[in-house]
Amino acid sequence: MNEEFNWLTASDLGNLFRKYSEDRLREVVEWLNGATPEQYAKVKPILDKELNRRAAEAYEQKNGGEWI
């Protein structure tokens, strides 16, 4: 997995994570446990952004589109 992340830009990683299923994102999280510090620093912020986006989307769907 790390080979494909090495040549992708931050924008490309963001787009890739948007297309990933939940299972594939879990694989990325597991991969991060053994990633080098450079890989971790590159991938973790982008992954966090995508996970937060998905959480906000799920929260809005659960509450009828309203933030409480």
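The structure discussed here is a predicted model, in which local features need pLDDT of at least 70, side-chain atom pairs count only at pLDDT 80 or more, and totals for chains, interfaces and linings use all residues. Residues are numbered from 1 along each chain as its sequence is written, and side-chain values use heavy atoms, with hydrogens and water left out.

Helices are DSSP runs of H or I with at least four residues, strands are runs of E with at least two, and both are numbered from the N terminus. In helix H2, which spans residues 10-19, the buried residues are Leu 13, Gly 14 and Phe 17. These residues lie on the same side of H2 because they cover an arc of only 100° around the axis; the arc is that of the directions from the helix axis to the C-beta atoms. Ser 11 and Lys 19, on the other side of H2, are exposed.

Leu 13 belongs to helix H2. Its relative accessibility is 0%, so Leu 13 counts as buried. Contact means heavy atoms within 4.5 Å. When neighbours within four places in sequence are left aside, Leu 13 is in contact with Phe 5, Leu 8, Lys 42, Val 43 and Ile 46. Leu 13 and Asp 48 are 35 residues apart along the chain, and their C-alpha atoms are separated by 12 Å.

## The largest pocket

Pockets and cavities are found on a 1 Å grid over the protein atoms alone: a cavity is a set of points where a 1.4 Å probe fits but cannot get out, whereas a pocket is an open set with protein on both sides within 12 Å along at least five of seven lines. Lining residues have an atom within 4 Å of a point. Grid points are joined across faces, edges and corners, and a volume is the space filled by probe spheres set on the points.

The largest pocket holds about 160 Å³ of space. Its lining consists of Ala 10, Gly 14, Asn 15, Arg 18, Ile 46, Lys 49, Glu 50 and Arg 53. H2 and helix H4 (37-62) are the elements that give two or more residues to this lining. By class, the lining has two nonpolar, two polar and four charged residues. In this scheme Ala, Val, Leu, Ile, Met, Phe, Trp, Tyr, Cys and Pro count as nonpolar, Asp, Glu, Lys and Arg as charged, and the others, Gly among them, as polar.

## Salt bridges

A salt bridge is a side-chain nitrogen of Lys or Arg within 4 Å of a carboxyl oxygen of Asp or Glu. The whole structure contains seven salt bridges. In one of them, Glu 22 meets Arg 26 at 3.6 Å, N to O. These two residues are four residues apart in helix H3 (residues 22-32), and are therefore separated by about one helical turn. Glu 22 is exposed, at 53% relative accessibility, while Arg 26 is partly exposed, at 46%.

Arg 24 and Glu 27 also form a salt bridge, with their closest N and O atoms 2.9 Å apart. Three residues apart in helix H3, they too are separated by about one helical turn. In helix H4, the side chains of Asp 48 and Lys 44 meet at 2.8 Å, N to O. Asp 48 is partly exposed, with a relative accessible area of 29%.

Definitions and conventions: Buried < 20%, exposed > 50% of the residue type's maximum accessible area, 1.4 Å probe, protein only.
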